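Q: I am new to this structure and would like to go through its charged contacts and helices. Could we begin with the term that matters for the contacts?

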Amino acid sequence: MTGVPASAGGGTGRPTPGGKLGAAAVNQASLWNIANILTMVRLVLVPAFVVLMLQDGGYDPAWRAWAWAAFAVAMITDIFDGHLARTYNLVTDFGKIADPIADKAIMAAGLICLSALGDLPWWVTGVILFRELGITLMRFWVIRHGVIPASRGGKIKTLAQGTAVGMYVLALTGALATLRFWVMAVAVVLTVVTGLDYVRQAIVLRRRGLAAERATAGDAR
């Protein structure tokens with residue numbers, strides 16, 4: 001079952017200690033792939049971002065620029081780790097769990113810090129975080145009936161949120177400060193609209209799943 005020939009164990013067919021170590025090395029390598037490493041980097045950047053964001057009371061432009069850099073790197077790794085995992089077959093159980101956690105953690109950290117500093121209304125943070133948490137729970141609710149795929153609208157929403165939060169992290173003034181308000185407005189609208197679409201998809205998926213289960217149960221009788 002391990003793929004090690006019987007001759008490697010002295011012809012007995014029993015796995016040798018070396019064989020066990022070899023299998024462990026393969027498992028270790030499969031976990032420590034580039035996609036998972038990028039996800040771990042993003043997780044580490046969450047507390048780093050918060051520390052940079054709140055330095056000197058949270059209003060120093062230089063520290064805010066460093067915080068923006070940490071946020072930008074986190075958002076960029078979010079783009080690449082999923083692409084690498086799918087392209088090079090690097091999908092692991094760790095990645096499936098850690099990737100969405102890292103995505104939501106960096107966004108939540110940015111929103112909460114901005115609201116705590118008074119730069120962003122708490123209701124905006126509440127709407128976005130409620131949507132993200134609600135959709136995550138809904139995916140688990142219908143997972144036995146199928147998977148709700150990420151939509152194009154959802155991807156645009158993520159881009160809008162990341163751009164808007166990044167602009168708020170920077171100490172912008174004048175026309176750029178006005179622009180970031182409208183970018184955040186677009187992000188909030190997309191957050192609500194795509195959230196409602198996911199709810200619709202979840203309801204349809206669950207109804208179809210239940211109908212299929214009833215049909216299967218009827219055939220069995």
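A: A salt bridge is a side-chain nitrogen of Lys or Arg within 4 Å of a carboxyl oxygen of Asp or Glu. Please note that the model is predicted.

Q: How many salt bridges does a search of the whole structure find?

A: The search finds six. One of them joins aspartate 78 and arginine 42, at 3.8 Å from N to O. Aspartate 78 lies in helix H3 and arginine 42 in helix H2, 36 residues apart, so this pair links distant parts of the chain.

Q: Is aspartate 78 buried or exposed?

A: Aspartate 78 counts as buried because its relative accessibility is 18%, and buried means under 20%. Arginine 42 is also buried, with a relative accessible area of 0%.

Q: Which residues are linked with Arg42 in a network of salt bridges?

A: The network links Arg42 with Asp78 and Asp103.

Q: What about glutamate 132; which side chains does it meet in salt bridges?

A: Glutamate 132 meets arginine 131 at 3.4 Å and lysine 157 at 2.9 Å, N to O in each case. The pair with lysine 157 links helix H6 to helix H5, across 25 residues. Arginine 131 and glutamate 132 are both buried, and lysine 157 is buried as well.

Q: Turning to helix H6, how far apart are its end C-alpha atoms?

A: They are 26 Å apart, which agrees with the 26 Å that its 18 residues should span at 1.5 Å a residue. Buried residues in H6 include Gly154, Ala160 and Tyr168.

Q: And what does helix H5 reach?

A: Helix H5, residues 122-141, reaches 28 Å from its first C-alpha to its last, close to the 28 Å expected. Among its buried residues are Val124, Ile128 and Met138.

How values were computed. Residues are numbered from 1 along each chain as its sequence is written. This is a predicted model: local features need pLDDT of at least 70, side-chain atom pairs count only at pLDDT 80 or more; totals for chains, interfaces and linings use all residues. Side-chain values use heavy atoms; hydrogens and water are left out. Helices (H or I, at least four residues) and strands (E, at least two) are DSSP runs, numbered from the N terminus. The expected span of a helix is 1.5 Å times one less than its number of residues. Buried means under 20% relative accessible area, exposed over 50%, partly exposed in between (1.4 Å probe, protein chains only).
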